[in-house]
Amino acid sequence: MLQATLEDCNPFVEIFNDLDYHIPVVSTYSGPKRPGRAKPKRSGLFITFEGIEGSGKTSQCHHLATTLREHGYWVIETREPGGTPWAEQIRTLLLSPQNQLPSPEPLTPETETCLILASRSHHVTHLVTPALARGAIVLCDRFSDSTLAYQGYGRGLDLTRLRQMNRWVTHGLTPHLTFLFDLPVRQGLARRRTAAQQNRLDREPLAFHQRVRRGFRALAMHHRRRIVSIDARSTFEAIAQQIFHTVSPLLEGLTQHPPSFESPDR
Ligand SMILES: Nc1ncnc2c1ncn2[C@@H]1O[C@H](COP(=O)(O)OP(=O)(O)OP(=O)(O)O)[C@@H](O)[C@H]1O
Ligand SMILES: [Mg+2]
């Protein structure tokens with residue numbers, strides 16, 4: 001069933017209800033200059049979590065969000081595909097097992113890519129960019145690197161074109177930091193097999209997941225400053241420590257509490 005509830009998208013509701021909200025049309029986060037309005041000291045922090053299925057992204061993303069909130073930071077936890085009600089509906093379409101799709105023909109790699117990019121466009125425009133402009137720490141479970149790894153290395157679509165399309169839908173938004181959870185494919189899939197329901201991508205052949213893993217590793221080699229590779233075979237606690245140690249130096253000057261959402265009528 002195609003349904004995304006608003007409860008699934010709390011960060012979106014939080015940002016959308018901000019009456020200062022506007023659709024950003026520029027590729028910077030600092031927002032338009034307005035008279036009498038001080039420019040924020042700095043924009044937020046955008047961290048993404050990438051890796052193959054079952055590598056531990058969601059658990060660590062959530063753990064970091066909890067830790068940062070305990071330290072008083074304003075954290076928006078979100079995911080791709082998804083993150084807004086519209087994008088969550090696209091997610092449902094994308095991840096539904098084949099036998100639950102509206103008709104039996106398989107999605108072409110191009111259709112899959114366009115749906116993911118449509119979801120990303122909506123998510124970046126309506127949630128991620130406005131949140132960063134207001135100084136939030138945005139933690140995103142998968143982002144543009146997944147498109148390169150899955151649709152590029154996994155499905156064989158042209159990487160240059162995918163990079164251009166990513167730039168187009170994100171207006172050039174690039175994470176400040178990306179954690180790549182690297183794990184042998186069989187181990188990741190074994191962890192997922194214990195999950196209640198497998199999605200459409202979990203059911204791809206082993207060779208597909210291996211190409212995806214190689215793709216992620218190639219991306220990490222290419223973006224050594226942005227992408228931090230995590231040995232996802234380590235214990236949960238050891239990984240959480242490594243992540244917090246990496247993030248800590250980037251926290252200086254960030255918003256300690258969410259800005260209040262006041263109506264201008266008051
Ligand atoms: N370091 C770890 N060691 C062992 N098991 C782990 C570790 N981290 C997470 N897990 C377990 O592996 C399973 C998958 O973890 P998680 O859902 O966080 O992965 P994921 O990368 O988000 O997966 P997916 O790509 O399918 O969304 C969960 O049952 C989780 O408890
Ligand atoms: Mg996950």
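## Burial and overall make-up

A residue counts as buried if 20 or more other C-beta atoms, placed from the backbone, lie within 10 Å of its own, and by this criterion buried residues make up 39% of the 266 residues in the protein. The model is a predicted one, in which local features need pLDDT of at least 70 and side-chain atom pairs count only at pLDDT 80 or more, while totals for chains, interfaces and linings use all residues. Residues are numbered from 1 along each chain as its sequence is written, and chains are lettered from A and ligands numbered from 1 in the order in which they are written.

The protein has 9 helices and 5 strands, taken as DSSP runs (H or I, at least four residues, for helices; E, at least two, for strands) and numbered from the N terminus. From that terminus on, the elements run α-β-α-β-α-α-β-α-α-β-α-α-β-α.

## The sheet

The 5 strands of an open sheet have the order β2-β3-β1-β4-β5, with parallel pairing, where two strands pair if DSSP finds at least two bridges between them. Because β2 (75-79) and β5 (227-231) stand at the edges with a single partner strand each, one side of each is left without a neighbour in the sheet.

Strand β4 (residues 177-182) runs parallel to β5 and is joined to it by 5 bridges; aspartate 182 has aspartate 231 in β5 as its bridge partner.

## Packing and contacts

Helix α2 (residues 57-70) packs on the sheet and touches β1 (45-51), β2, β3 (137-141) and β4, a contact being two residues whose C-beta atoms, placed from the backbone, lie within 7 Å. Of the contacts in the protein with a separation of 6 or more, 83% come from residues 24 or more positions apart.

Notes:
Axes are lines fitted to C-alpha atoms, for helices over the stretch in contact, and angles run from 0 to 180 degrees between N-to-C directions. A residue is buried if 20 or more other C-beta atoms lie within 10 Å of its own, exposed if 12 or fewer, and partly exposed in between; C-beta atoms are placed from the backbone.
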